[in-house]
Amino acid sequence: MSKCPEFLTAAALASALVAGPALANVFGLGRPALPEEIAAWDLDVSPDGTGLPAGSGSVEDGEMLFAEACSICHGDFAEGVDNWPKLAGGEGTLADKDPLKTVGSYWPYLSTAWDYVHRSMPFGDAQTLSADDTYAIVAYILYSNDLVEDNFVLSNENFLSVEMPNADGFILDDREQTEAHFWTDAPCMENCKDSVEITMRAMVLDVTPDEGDAAAEPAPVQDVKAEPAPAPEQTAALDPELVAKGEKTFKKCKACHQVGNGAKNKTGPTLNGIVGAAAGQVHGFKYSKVMKAAAEDGLIWDETELTAFLAKPKGYMKGTRMSFAGLKKDADIEAVIAYLKSFPE
Amino acid sequence: MSESSPKNAPSRRQFLTGAAAAGAGAVAGGAAGATGPDPLITEVQDWARATGDGVDATPYGLPIQYESDVVRRNVEWLTADTISSINFTPIHALDGTITPQGCAFERHHSGAIELRKQDYRLMINGLVDQPLVFTYEDLERFPRENRIYFCECAANTGMEWAGSQLNGAQFTHGMIHNMEYSGVPLRTLLEEAGVQAQGKWVYVEGADASSNGRSIPLEKAMDDVLVAFKANGEALRKEHGYPVRLVVPGWEGNMWVKWLRRVEVMEGPVESREETSKYTDTLADGTSRKWTWVMDAKSVVTSPSPQAPITHGPGPLVITGLAWSGRGAITGVDVSVDGGKTWMPARLAAPGTDKALTRFYLDYDWDGSEMLLQSRARDGSGYVQPSKAQLREVRGENSIYHNNCIQTWWVKANGEAENVEVS
């Protein structure tokens with residue numbers, strides 16, 4: 001790199017003479033980014049609203065969307081399920097022991113919530129929400145935090161009028177001032193303390209994972225190899241292309257469901273051997289009431305039932321905890337079922 | 001807690017088995033105290049008679065089966081799902097300074113994706129003269145640098161703020177790795193696009209579903225930030241951002257965006273989720289620090305430690321550990337065996353280098369009595385690693401990130417060690 005600065009200086013002088021501000025195209029590599037490409041990727045939204053598309057969404061619509069797309073992890077009222085993030089509550093707790101940090105209690109800018117929901121949520125199905133849906137979901141999150149009324153409609157027009165309670169709660173990194181005493185050229189070497197007592201022990205809490213577990217599990221590399229290898233008779237029966245297509249479609253399911261060696265129950269149950277199996281039987285998974293009832297009635301997940309369920313889960317079984325909206329294309333459903341068949345047990 | 005008590009039993013058993021085996025070795029095989037000829041020497045062993053694997057057995061090698069416990073581990077209760085989670089480097093079992101990619105900790109927010117080089121695009125846009133798109137092949141044609149840097153998650157040691165919690169250096173300090181990166185300075189790419197005068201920040205984001213966008217001041221972006229595509233000589237692993245990741249030396253790991261897809265030159269910061277709701281540090285009074293990018297000087301004794309007990313009894317003992325600083329090079333490490341009353345300078349395996357791990361050793365004659373083992377790092381800026389009490393005095397106990405306190409291992413007379421806090 002030692003040659004570069006000289007080269008750049010020469011280039012800078014040259015372009016300055018031509019009144020161009022730039023050192024651009026020093027190496028002439030890459031190609032100009034097209035406006036459509038920039039529009040597709042440049043989605044970030046800044047605190048002053050730069051980057052917000054035109055649109056609007058109501059608390060009312062947001063509540064429905066939230067129930068469908070977000071509540072499986074964040075709870076119906078944005079209160080959070082298990083270890084998933086709580087999005088509401090916690091006002092006034094920041095100075096408490098174990099503060100509750102939510103969009104309402106902690107986040108300084110509303111743009112952050114809009115940007116994140118639009119770009120990275122729902123988990124496992126990111127970048128599928130329209131601008132209006134995003135406004136609606138963010139409006140509902142505000143409502144869950146008691147920051148707006150139930151008839152509120154959020155839009156790019158009124159976006160900046162929403163006041164975030166913790167907007168002034170942040171200071172810039174001040175370690176070099178408040179921790180200036182950590183810079184000391186001659187640290188103590190002898191007689192630094194009169195006495196030393198043990199004041200806390202990790203063994204008392206006892207929350208360290210057992211090492212035997214991790215060591216006994218196969219290495220991830222082996223896992224990957226093991227997964228796509230179905231039993232020989234299955235290979236004969238299944239169309240490999242369809243299975244491969246199903247594997248891609250299954251990405252939509254992966255946030256909640258695992259298959260293959262070492263699969264564990266997550267937000268949803270494991271799906272090994274699910275095709276043709278009795279419903280509601282995966283060991284250790286807490287099913288919804290309706291699923292338990294269907295299981296008692298003897299529901300079998302044959303291809304017909306699975307197809308109907310996957311097309312519109314909540315339509316097929318009102319009250320199921322599976323929040324997924326459904327697979328719109330029959331071809332996708334067929335492929336996913338083929339993929340699931342490749343995990344006979 | 002009643003449920004987790006039995007969980008701890010196996011590791012305890014493991015330790016005892018290990019100690020027993022070592023003890024047996026000392027009787028049967030110890031060179032000095034041998035009571036009889038060692039069959040490992042007097043009898044012809046299988047490996048000395050038969051032959052081993054051919055060169056076609058392992059086109060790409062993994063560690064031998066006997067090292068199968070030297071693996072990344074996660075702490076299940078920390079996060080809701082392993083797809084958005086972290087695991088820990090087995091630093092207690094490694095030596096030297098370079099972390100092998102296969103056991104270097106992972107942190108993803110939407111899982112480790114698979115992105116082919118052919119499908120890779122990097123866009124530079126925003127306040128530049130010419131927005132550009134680069135392919136992977138384009139990146140390989142820019143002048144390249146090789147640099148060794150540590151990458152530490154800001155949350156490393158974060159579970160220890162309120163008290164000793166996890167019993168092992170892997171879990172308390174394993175959100176770190178140290179690799180040799182090959183890549184192109186971000187400065188070179190920005191200059192190729194031509195940064196305009198109003199540009200003061202860059203916003204960097206990944207191609208994965210989380211995007212993990214972060215804002216970085218232009219000054220840092222033009223300084224030592226690398227757009228890296230190789231680590232330790234080979235392609236990045238998918239879990240570390242294959243094919244291209246950002247390397248932001250000395251700054252918190254969250255900014256080292258993986259699967260880097262876009263760099264936007266901006267006038268101000270985006271204030272993304274990762275730099276407001278996360279990676280900010282709440283103080284005792286409820287106000288929070290933001291833009292705490294630099295990782296302060298820190299060190300830890302990796303052995304002996306809870307997962308690496310002393311199994312050989314009194315006598316020569318190698319005390320070793322790692323030290324690092326985001327503010328420059330490590331200039332010295334002191335070790336205490338009495339909980340910080342007195343300190344001894346440790347030996348650095350090599351002079352510290354800028355924002356990289358430094359290995360230290362203290363060659364110690366252990367008398368078999370219990371120790372409260374600590375290490376304390378110093379860096380080129382004159383910063384001395386603080387105690388947990390000193391940190392709490394300024395920050396309170398509600399921080400999650402940037403816990404660089406002095407760690408204490410209570411090494412007992414039987415060689416077993418435990419994570420403790422001392423006065």
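Q: Is Trp259(B) buried or exposed?
A: Keep in mind that this is a predicted model. A residue counts as buried if 20 or more other C-beta atoms lie within 10 Å of its own. Trp259(B) has 26 other C-beta atoms within 10 Å, so Trp259(B) is buried.

Q: What is the phi of Trp259(B), about?
A: Trp259(B) sits in the loop between strand 12 and strand 13 (260–266) of chain B. It isn't a glycine, yet its phi is positive, at about 50 degrees.

Q: How exposed is Trp291(B)?
A: This one is found in the loop between strand 15 (288–290) and strand 16 (298–303) of chain B, and Trp291(B) also has a positive phi, near 60 degrees. The label "partly exposed" falls between the cut-offs of 12 or fewer for exposed and 20 or more for buried. With 15 other C-beta atoms within 10 Å, Trp291(B) is therefore partly exposed.

Q: Which residue does a cis peptide bond join to Met121(A)?
A: Look in the loop between helix 5 (110–120) and helix 6 (131–144) of chain A, where Pro122(A) lies. The bond has an omega of about -5 degrees, and the partner of Met121(A) is Pro122(A).

Q: In which loop is Pro243(B) found?
A: The peptide bond from Tyr242(B) to Pro243(B) is cis, with omega near 5 degrees. Follow chain B to Pro243(B) and you land in the loop between strand 11 (234–235) and strand 12 (245–247).

Q: Which strands stand at the edges of the open sheet of 6 strands?
A: The order is 1(A)-5(B)-4(B)-13(B)-8(B)-9(B), with mixed pairing. The edge strands each have a single partner strand, so one side of each is left without a neighbour in the sheet; they are strand 1 (31–32) of chain A and strand 9 (214–217) of chain B.

Q: Which residue is the bridge partner of Gly206(B) in strand 13 of chain B?
A: Strand 8 (residues 201–206) of chain B pairs with strand 13 in the antiparallel sense, over 6 bridges. In strand 13, the partner of Gly206(B) is Leu260(B).

Q: How many nonpolar residues are on the side of chain A that touches chain B?
A: The contact takes 80 residues from chain A and 95 residues from chain B. On the chain A side, helix 5 gives the largest share, 6 residues. That side divides into 14 polar, 21 charged and, for nonpolar, 45.

Terms used
Residues are numbered from 1 along each chain as its sequence is written. Chains are lettered from A and ligands numbered from 1 in the order in which they are written. This is a predicted model: local features need pLDDT of at least 70, side-chain atom pairs count only at pLDDT 80 or more; totals for chains, interfaces and linings use all residues. Helices (H or I, at least four residues) and strands (E, at least two) are DSSP runs, numbered from the N terminus. Two residues are in contact if their C-beta atoms, placed from the backbone, lie within 7 Å. Ala, Val, Leu, Ile, Met, Phe, Trp, Tyr, Cys and Pro count as nonpolar, Asp, Glu, Lys and Arg as charged, and the others, Gly among them, as polar. Two strands pair if DSSP finds at least two bridges between them.
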